[in-house]
Amino acid sequence: MRTKVVALISGGLDSVLAAKVILEQGFDVVGLYFTSAFSKSYGNEQETHAARVARAIGIDLRITDMGQDYIDLVRNPTHGYGKNINPCIDCKIFMLKRAKAVMQEIRAPFVVTGEVLGQRPMSQRRDTFHVIERDADMRGLIVRPLSASLLPPTKAEEDGLIQRSKLLGISGRSRTVQLRLAERYGVRGYSTPAGGCLLTDKNFSAKLRDLFDDKETATSNDIKLLTLGRHFRIDARNKIVLGRNNKENRMLVDLESKGYHLFMPDGFPGPVALLSGTPTQDINQTIGRLIITYSKQVPGRIYLIRHGKQVFDPGDPLPITGYFLRRVGADN
Ligand code: SF4
């Protein structure tokens, strides 16, 4: 029977190549894919790049939702953030701790990752590899096949489980060697580097910081809301999200039941608005005027807004600039 090992599969090229290199040494690889509210494909995990590449190389893939603990970690990471709100070092420690539990469950001798020395300025340096192993309590148990010959031997290499001579010595940001290997192994369907993580997106980071300032506990629904619509902050406790198209309008309607307040155009085409906060007469009027501002203006038309059973006339459109509303995230 072949020895089982655990491999972290992100859906990117490096992780699938790392798993493939280990497969070639005769191991049975169990892939682990970590998802969270910050994953672009959250809730649609069977259609991810990770699922596709796992199928392509013929390994099982276990999907793990990192849950509320991970959301709380992103708010306050021990090792800080990268360029945006991406806590890559803490994120890897978190994943490796979970991977260790699977490793123990299936009695695997090590965990495989696709990390490449020098590829990322924050989390893929020699010193941070050391920190990650120490804080995940995984010293000597993480095999990085793509850069292994540049790193100290792991326990599996010392014990003769893996042939070190067949591991690679890739370093730096160039992906030439990986692309050549992908061609040789026939690997397709992988994502761009960090392409699935919202935490590396500048505009999403601005909205998430705003959410963390607003709420002591951010839920996965609060985070899902950050991926939709135009965001307007009224004050520290109240935020409006306005749909940009029919699909977003429908998604906002679905989110109403999760503790938000829904406002809709009554009898005219226009955006749906969701309020995170407390509806008051002034706030309701502001939301209604904002909906009208982003609707097609037809002279003589009466614009009414529906909020629950209430239908009201909010007044004129809002002047967007110079008003008290603050736009959050630059792309909306
Ligand atoms: S890019 Fe995102 S998923 Fe990847 S290590 Fe960083 S925070 Fe984690």
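1. A residue counts as buried if 20 or more other C-beta atoms lie within 10 Å of its own, as exposed if 12 or fewer do, and as partly exposed in between; the C-beta atoms are placed from the backbone. By this rule the buried residues of helix 1 are Leu13, Asp14, Ser15, Val16, Leu17, Ala18, Ala19, Lys20, Val21 and Ile22. Helix 1 is thus mostly covered, with 10 of its 11 residues buried.

2. A word on the model. It is predicted: local features need pLDDT of at least 70, side-chain atom pairs count only at pLDDT 80 or more, and totals for chains, interfaces and linings use all residues. Residues are numbered from 1 along each chain as its sequence is written.

3. The chain as a whole. Its secondary structure comes to 11 helices and 12 strands. These are DSSP runs numbered from the N terminus, helices being H or I with at least four residues and strands E with at least two. The C-alpha atoms fill a box of roughly 80 × 35 × 35 Å along the principal axes. Of the 332 residues, 42% are buried. Two residues are in contact if their C-beta atoms, placed from the backbone, lie within 7 Å. Among contacts with a separation of 6 or more, 66% join residues 24 or more positions apart.

4. Domains. The chain divides into domain 1 (4-199) and domain 2 (201-328). The bounds come from an automatic or database domain assignment. Taken over C-alpha atoms, the two centres are 39 Å apart. Eight residues of domain 1 are in contact with 12 residues of domain 2. On the domain 1 side, six of these residues are nonpolar, one is polar and one is charged. Here Ala, Val, Leu, Ile, Met, Phe, Trp, Tyr, Cys and Pro count as nonpolar, Asp, Glu, Lys and Arg as charged, and the others, Gly among them, as polar.

5. What covers helix 1? The cover of its buried residues includes strand 1 (4-8), strand 2 (28-35), helix 2 (49-57), strand 4 (111-112) and helix 7.

6. Helix 1 against helix 7. Helix 1 (residues 13-23) and helix 7 (residues 176-185) pack at about 55 degrees, with axes 10 Å apart. That makes helix 1 oblique to helix 7. Axes are lines fitted to C-alpha atoms, for helices over the stretch in contact, and angles run from 0 to 180 degrees between N-to-C directions. Angles under 35 degrees are roughly parallel, over 145 roughly antiparallel, 65 to 115 roughly perpendicular, and the rest oblique. Leu13, Asp14, Leu17 and Lys20 of helix 1 meet Gln178, Leu181, Ala182 and Tyr185 of helix 7. By class, this contact has five nonpolar, one polar and two charged residues.

7. Helix 4 against helix 5. The axes of helix 4 (residues 88-105) and helix 5 (residues 126-135) come within 9 Å and cross at roughly 40 degrees. Helix 4 and helix 5 are therefore oblique to each other. Ile89, Lys92, Ile93 and Leu96 of helix 4 make the contact with Thr128, Val131, Ile132 and Asp135 of helix 5.

8. Val241. This residue sits in strand 7 (residues 238-242). Is Val241 buried or exposed? Val241 counts as buried because it has 25 C-beta neighbours inside 10 Å. Leaving aside neighbours within four places in sequence, Val241 is in contact with Leu225, Leu228, Gly229, His231, Leu252, Ala273 and Leu274. Val241 and Leu228 are 13 residues apart in sequence and 7.7 Å apart in space, C-alpha to C-alpha.
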